[in-house]
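Me: I have a structure on the screen and would like to go through it with you. Could you take my questions one at a time?

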Amino acid sequence: MWKLRASDIEHFRNIRPTTHEIGGILSFDTDGYVSEQKISAGGKCRTASGELLANATNCSVQHYDGPCVFHTHPRANRPSSGDLLSSIQGYPRRKKNIIFTPLGVWVFSPTPKLAAAMSTYSATERRRQVKAWRYIGHMEQADTQADRCRGMQQALHNEGFDNQYIPYKSVTTGTEWPL
């Protein structure tokens, strides 16, 4: 079983840019702890204070792929509908998806049932599903931005995602979380 230690979380919290996303893969040692990271950076899309740049067309990062991927969000404190779709597209090779946000860490993956169902969807059904996830995100936006994430966690669970949220305020020296 893979685990994130407080020191891993603090590392990514400290290197998380406010102007663009970074992302990559994490490797784990035989005890399940992070042993290596490969990182890529996306293009600048926000000012240092977090405002979207006028010429920004894409605020994502193309990164390495593997069993455990991660990326950061400069401003949003939740997975996007695109993040959710990407987790399904990467399944079953991609076992865990991690997002380091301004207020905490999201860890999620689709259930096998959801991944199987989505594989039968037409392009139109898939587009509608992503729009439904986008709507959920917008409905939960005010709460997630205030670090009240239970509603979003429940919504993701109801949609077929295994997920957990680790607020930075709960990260103390010596703590760790199974993924």
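Me: What pattern does the chain follow, read along the sequence?

Reply: The chain reads β-α-β-β-β-α-β-β-α-α-α-β-β. Helices (H or I, at least four residues) and strands (E, at least two) are DSSP runs, numbered from the N terminus. The secondary structure comes to 5 helices and 8 strands. Please note that this is a predicted model, where local features need pLDDT of at least 70 and side-chain atom pairs count only at pLDDT 80 or more, while totals for chains, interfaces and linings use all residues. Residues are numbered from 1 along each chain as its sequence is written, and side-chain values use heavy atoms, with hydrogens and water left out.

Me: What is the radius of gyration of the chain?

Reply: The radius of gyration is 16 Å, close to the 16 Å that the globule rule gives for 179 residues, so the chain is as compact as a globular protein of that length. The radius is taken over C-alpha atoms, and the globule rule is 2.2 Å times the number of residues to the power 0.38. Along its principal axes the C-alpha trace spans about 45 × 40 × 30 Å.

Me: What share of the residues count as buried?

Reply: Of the 179 residues, 47% count as buried. Buried means under 20% relative accessible area, exposed over 50%, and partly exposed in between (1.4 Å probe, protein chains only).

Me: How many residues of strand 6 are buried?

Reply: In strand 6 (residues 104-110), 7 of the 7 residues are buried, so the strand is largely enclosed by the rest of the structure. Gly 104, Trp 106, Phe 108 and Pro 110 point one way, Val 105, Val 107 and Ser 109 the other way, and all are buried. In a regular strand the side chains alternate between the two faces of the sheet.

Me: Changing topic: how many salt bridges does the count come to?

Reply: The count comes to 5 salt bridges, a salt bridge being a side-chain nitrogen of Lys or Arg within 4 Å of a carboxyl oxygen of Asp or Glu. One of them joins Asp 65 and Arg 94, with the closest N and O atoms 3.0 Å apart. This pair links distant parts of the chain, 29 residues apart: Asp 65 is in the loop between strand 3 (34-41) and strand 4 (68-72), and Arg 94 is in the loop between helix 2 (81-89) and strand 5 (96-100).

Me: Is Arg 94 buried or exposed?

Reply: Arg 94 is buried, with a relative accessible area of 9%, whereas Asp 65 is partly exposed at 35%.

Me: Where do Arg 13 and Glu 10 lie?

Reply: Both lie in helix 1 (residues 6-15), 3 residues apart, about one turn of the helix. The side chains of Arg 13 and Glu 10 meet in a salt bridge at 3.6 Å, N to O. Arg 13 is partly exposed at 36% relative accessibility, and Glu 10 is partly exposed at 26%.

Me: How many disulfides does a search of the whole structure find?

Reply: The search finds 0 disulfides, a disulfide being a pair of cysteine sulfur atoms within 2.5 Å.

Me: Lastly, which residues does Thr 144 touch?

Reply: Not counting residues up to four places away in sequence, Thr 144 touches Asn 77, Arg 78, Leu 103, Cys 149 and Met 152; contact means heavy atoms within 4.5 Å. Thr 144 is found in helix 4 (residues 123-145) and counts as buried at 0% relative accessibility.
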